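Subject: Handover of a structure and the findings from it

Dear colleague,

Please find below the structure that I am handing over to you. My findings follow it, arranged by region.

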Amino acid sequence: MLSKPYAVTAVSIFLAGAATAQDMSIIVQSTTSTANSGLYDYLLPIFQETSGIQVNVVAVGTGQAIKNAQNCDGDVLLVHAKASEEKFVAEGYGTVRTDLMYNDFVIVGPISDPAVVSGMTDVQGALGKIAEAGALFASRGDDSGTHKKELSLWSSAGVDPTASSGQWYRETGSGMGATLNAGIGMGAYVMTDRATWISFGNKQDYQISVQGDDDMFNQYGVIPVNPEKCPSVHADAAKIFSDWLVSSAGQDAIASYKVADQQLFFPNAPTK
């Protein structure tokens, strides 16, 4: 587990005759799944080779990423909690929100399957069975996009898991990778985005137990931070990066990223 609340990824490729590092550098406040999956390690060199812009990624839960951007500690926001993203723009912190890509959430669990949910495609029904059985469930509990989605699914299932906090419902307050490690260590079910699960190296005897429900759809959005709220923002470079991500070149790059021959993210920016 990281000793700091975030991880920073930086890849620097400058074109000959490019502007100063300050002028050609941006900070992306990002959800952890895009970083943990290796997507940025793949995308950023492609973008930077053609633009000369250095992209530094601060990877935290979506809630914290939004707070950081509101504090003007970033130039671009890339997260996955659409209602919160739209609120961010409505309050003037972002210029415009654009759909970028999607994948889905899954619930993973031990092969022993104590709640007997393996193979289910009804996520609310599966969560109900987990709660009824009192089977261990490890939650991120960190106000991330995944955590927000998880809580909404519990609510739809008519269950308040926080009433059993510390009993069968265990809140880690950690990122996705750390929560998966903790959940697997205690034999608990865990909800995760599929990209992180595919990239995760400590699966042990775990498998995907619940998947395929339309309610587990996971949309990502990209938002440049508004220079009217944050005068120090590198607005031009931020727009270049955001525009590239939703362009045909950026969308093709996202689609081409695979792990173990599996596509992790599916681009769906609106065509212009």
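This is a predicted model: local features need pLDDT of at least 70, side-chain atom pairs count only at pLDDT 80 or more; totals for chains, interfaces and linings use all residues.

Arg170 belongs to strand E7, which covers residues 169–171. Apart from residues up to four places away in sequence, Arg170 touches Leu136, Phe137, Ala138, Ser139 and Met186. Between Arg170 and Gly141 there are 8.5 Å from C-alpha to C-alpha, with 29 residues separating them in sequence.

In soluble globular proteins, nonpolar side chains tend to be buried together. In this model, the largest nonpolar core comprises 33 residues, of which Ile26, Val28, Val55, Leu100, Phe241, Leu245 and Phe265 touch the most other members. The element that gives the most to this core is helix H9 (residues 235–246), with six residues. Apart from this core lies another, of 19 residues, and Ile107, Ala135, Phe137 and Tyr169 are among them. As for Val28, its contacts are Tyr40, Val55, Asn56, Val57, Val58, Val76, Leu78 and Phe241, not counting residues up to four places away in sequence.

The second largest pocket

The volume of the second largest pocket is about 230 Å³. Its lining consists of 14 residues, and His80, Ala81, Lys82, Lys149 and Gln219 are the closest to its centre. Two or more lining residues come from each of helix H4 (82–90), strand E5 (98–110), helix H6 (145–156) and strand E10 (217–224). H6 gives the most to the lining, with four residues. By class, the lining residues of this pocket are four nonpolar, six polar and four charged.

Buried residues and their contacts

Ser37 is located in the loop between helix H1 (32–36) and helix H2 (39–51). Its relative accessible area is 2%, so Ser37 is buried. A polar atom of the Ser37 side chain lies 3.0 Å from the backbone oxygen of Ser33. Beyond residues up to four places away in sequence, Ser37 touches Ala195, Ser199, Tyr257, Val259, Leu264 and Phe265.

Gln251 is part of helix H10 (residues 248–256). Gln251 counts as buried because its relative accessible area, 11%, is under 20%. From a polar atom of the Gln251 side chain to the backbone nitrogen of Ala269 the distance is 2.9 Å. Gln251 is also in contact with Leu100, Leu245, Val246, Pro267, Asn268 and Ala269, leaving aside its neighbours within four places in sequence.

Thr98 and Ala269 are 171 residues apart along the chain, yet their C-alpha atoms are separated by 6.7 Å. The contacts of Thr98, neighbours within four places in sequence left aside, are Tyr220, Gly221, Val222, Val246 and Pro270.

Met176 is found in helix H7 (residues 176–186). Met176 is buried, at 1% relative accessibility. Not counting residues up to four places away in sequence, Met176 touches Thr32, Asn36, Arg140, Thr146, Val190, Met191, Thr192, Asp193 and Thr196. Met176 and Pro110 are 66 residues apart in sequence, with 17 Å between their C-alpha atoms.

Backbone angles

Most residues other than glycine have a negative phi. Two residues with a positive phi are described here. Cys72 has a phi near 65° and is placed in the loop between helix H3 (62–70) and strand E4 (76–79). Cys72 is partly exposed, at 28% relative accessibility. Ala260 has a phi of about 55° and sits in the loop between strand E11 (258–259) and strand E12 (262–263). Ala260 counts as exposed because its relative accessibility, 62%, is over 50%.

With kind regards

How values were computed:
Residues are numbered from 1 along each chain as its sequence is written. Side-chain values use heavy atoms; hydrogens and water are left out. Buried means under 20% relative accessible area, exposed over 50%, partly exposed in between (1.4 Å probe, protein chains only). A polar contact is a pair of N or O atoms within 3.5 Å; within protein, one must be able to donate a hydrogen and the other to accept it, and residues adjacent in sequence count only if both atoms are side-chain atoms. Contact means heavy atoms within 4.5 Å. A nonpolar core is a set of buried Ala, Val, Leu, Ile, Met, Phe, Trp, Tyr and Cys residues joined through side-chain atoms within 4.5 Å. On a 1 Å grid over the protein atoms alone, a cavity is a set of points where a 1.4 Å probe fits but cannot get out, and a pocket is an open set with protein on both sides within 12 Å along at least five of seven lines; lining residues have an atom within 4 Å of a point. Grid points are joined across faces, edges and corners, and a volume is the space filled by probe spheres set on the points. Ala, Val, Leu, Ile, Met, Phe, Trp, Tyr, Cys and Pro count as nonpolar, Asp, Glu, Lys and Arg as charged, and the others, Gly among them, as polar.
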